[in-house]
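I opened this entry to go through the aromatic rings and then the pockets.

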Amino acid sequence: VQLVKSGYVCLAIDSRGWNERGDGSDKPFGQRDKCNVNGNKAVLLGYVLMALDIFDHRRALDYLASRPDVDPRRLGSVGLSFGGTMSLWTAALDERIQAAVVSGYLCTWHAFAVELNQFCGSQCCPGIARWAAMSDVAGLIAPRAVLIESGTQDAIFPIASAREAFAHLQTIYAAAGASARCRHDIFEGDHRYNGEKVPAFFAEFLR
């Protein structure tokens, strides 16, 4: 709604297992996150749910780019938490995204996946920790613009590790000669979308 009011054409899709793309089941999962359970079920069937979701998001870009009221040279992405995962990975893998907002996600694998066990099977890329940090993946967005949002009280993606990951991301952007296109909005708050700097960020890099 914030971006629509700012004049952007927006497409908000449900990832697999969420909302209208859920399995229609009301079975209780107890304290287990449905996102995690769906990811594990996908592995049982031989799929990586994260890969399928990224595929869907790239097809969403295809649709946006096909519309007469959209400039395909000026596409952006924005998301919180699971949406932040999708925004980061889709932008890393699809160069059509010129500006990406990643809210409540950038961190270190160790901090949220090992120390806190706060990640779900739907957001897991098998074997990735052997080859790259999350900030390395984010670095694939360079030299295109990226804005990271981190809450000081985020219990899922701790601020200390978010700062650590962003510091590494900055070195990648510096090497790409694009330091000015890498931003970090640290705000007072928990695991939520802040959005205060998003309109100006998109205006700078998409308009």
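I searched the whole structure, a predicted model, for aromatic pairs and found eight. I looked at Tyr105 with Phe157: the pair is edge-to-face, with 5.7 Å centre to centre and 70° between the planes. I checked where the two sit in the chain, and they are 52 residues apart. Tyr105 is in the loop between strand 2 (97-103) and helix 5 (109-115), while Phe157 is in the loop between strand 3 (145-151) and helix 8 (159-175). Are these two residues, Tyr105 and Phe157, buried or exposed? I noted both as buried.

I then followed the ring pairs that join into a cluster, which takes in Tyr8, Phe201, Phe202 and Phe205. Tyr8 also has Arg207 over its face, at 4.5 Å from the ring centre. I recorded a further case at Phe55, where Arg59 lies over the face at 4.7 Å from the ring centre.

For the largest pocket I noted a volume of about 1,100 Å³. Its lining has 38 residues, and Cys10, Leu11, Gly76, Ser77 and Val78 are the closest to the centre. Helix 1 (2-5), helix 3 (49-66), strand 1 (75-80), helix 4 (82-93) and helix 9 (198-206) each give two or more residues to this lining. Strand 1 gives the most, six residues. By class I listed 22 nonpolar, eleven polar and five charged residues in the lining of the largest pocket.

The second largest pocket came out at about 280 Å³. Of its 16 lining residues, the closest to the centre are Asp33, Gln118, Phe119, Cys120 and Gln123. I listed its lining as seven nonpolar, seven polar and two charged residues.

Conventions. Residues numbered from 1 in each chain as written. Predicted model: local features only at pLDDT ≥ 70, side-chain atom pairs only at ≥ 80, totals over all residues. Heavy atoms only, no water. 1 Å grid on protein atoms, 1.4 Å probe; cavity = no way out; pocket = protein on both sides within 12 Å on 5 of 7 lines; lining within 4 Å. Points joined across faces, edges and corners; volume = space filled by probe spheres on them. Helix = DSSP H or I, 4+ residues; strand = E, 2+ residues; numbered from the N terminus. Nonpolar A, V, L, I, M, F, W, Y, C, P; charged D, E, K, R; others polar. Phe/Tyr/Trp six-rings, centres within 6.5 Å; stacked < 30°, edge-to-face > 60°. Buried < 20%, exposed > 50% of the residue type's maximum accessible area, 1.4 Å probe, protein only. Lys NZ or Arg CZ within 6 Å of the ring centre and 35° of its normal.
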